[in-house]
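Here is a short briefing on one protein model. Look at the structure first, then read the points below.

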Amino acid sequence: MVGEQHGARDIILEERSGIIKKIPDTHRSYDALQYPLLFWQGEDGYHFELRQRNPMTGLPQSKKISAMQFYAYRMMKRSTEFNILLRSNALFHQFIVDMYAKIESERLLYLRLNQRTLRVEQYAHLRDAVMNDGNVADIGQLIILPSIFTGDPRHMHERTQDAMTYVKNYGRPDLFITFTCNPNWTEIQQELFVG
């Protein structure tokens, strides 16, 4: 990102021996160190080598688990076990935002390290824009995000084009439907925790 400085989200520890140790946000102990009230037993968090397990044998398989899968599993409500995350109110919200930033940084790191695999030289429109602008001195390190990356201007442009195509083919929308519900409905009350 041109002109923007981003600091690391590492945790820095001083061991009893006096040695300084950095724990990056991709380390398995990051979650327990960042949120000791939520992970008071020191459970492992997400890391790059986390693999799926065979439900029958319990042995690890070759397929890796993504950070999004891991945290989605951690945030699931289950009737058989107590989930402290879902009962932590504001700390839960902070945890969600922090883990979202962790997932996005993992995705961006993958895109930065795999530019050749993604064949970024094939982006004709971007190449034309650079040639027409002529000033490549302020570009910095060129990292091209694919249009599927949410929030990228090309992603937004594609969604706008899709919406225009729907209007062109099916006409302007003529209904705007809203729905209001009562939070005291039994269906909603059954899904809430006691208290």
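The largest nonpolar core has 18 residues, and Phe39, Tyr71 and Phe95 have the most contacts inside it. A nonpolar core is a set of buried Ala, Val, Leu, Ile, Met, Phe, Trp, Tyr and Cys residues joined through side-chain atoms within 4.5 Å. Buried means under 20% relative accessible area, exposed over 50%, and partly exposed in between (1.4 Å probe, protein chains only).

This is a predicted model: local features need pLDDT of at least 70, side-chain atom pairs count only at pLDDT 80 or more, and totals for chains, interfaces and linings use all residues. Residues are numbered from 1 along each chain as its sequence is written, and side-chain values use heavy atoms, with hydrogens and water left out.

- Helix 3 gives the most, with four residues.
- Helices (H or I, at least four residues) and strands (E, at least two) are DSSP runs, numbered from the N terminus.
- In soluble globular proteins, nonpolar side chains tend to be buried together.

**Aromatic rings**
- The whole structure holds six aromatic pairs.
- Rings of Phe, Tyr and Trp (its six-membered ring) pair if their centres lie within 6.5 Å; planes under 30 degrees apart count as stacked, over 60 as edge-to-face and the rest as tilted.
- Phe39 and Phe95 form a tilted pair, because their ring centres are 5.6 Å apart and their planes are at 55°.
- This pair links distant parts of the chain, 56 residues apart: Phe39 is in the loop between helix 1 (30-34) and strand 3, and Phe95 is in helix 3 (residues 90-113).
- Tyr71 and Phe95 have ring centres 6.0 Å apart and planes at 70°, so they are edge-to-face.
- Tyr71 lies in helix 2 (residues 67-74), 24 residues from Phe95.
- Both Tyr71 and Phe95 are buried, and Phe39 is buried too.
- One aromatic cluster is formed by Tyr35, Phe39, Tyr46, Phe70, Tyr71 and Phe95.

**Contacts of Tyr71**
- Not counting residues up to four places away in sequence, Tyr71 touches Asp31, Tyr46, Phe95, Met99, Lys102 and Ile103.
- Contact means heavy atoms within 4.5 Å.

**The strands**
- Strand 3 (residues 51-53) pairs with strand 4 in the antiparallel sense over two bridges.
- Two strands pair if DSSP finds at least two bridges between them.
- Arg51 has Lys64 in strand 4 as its bridge partner.
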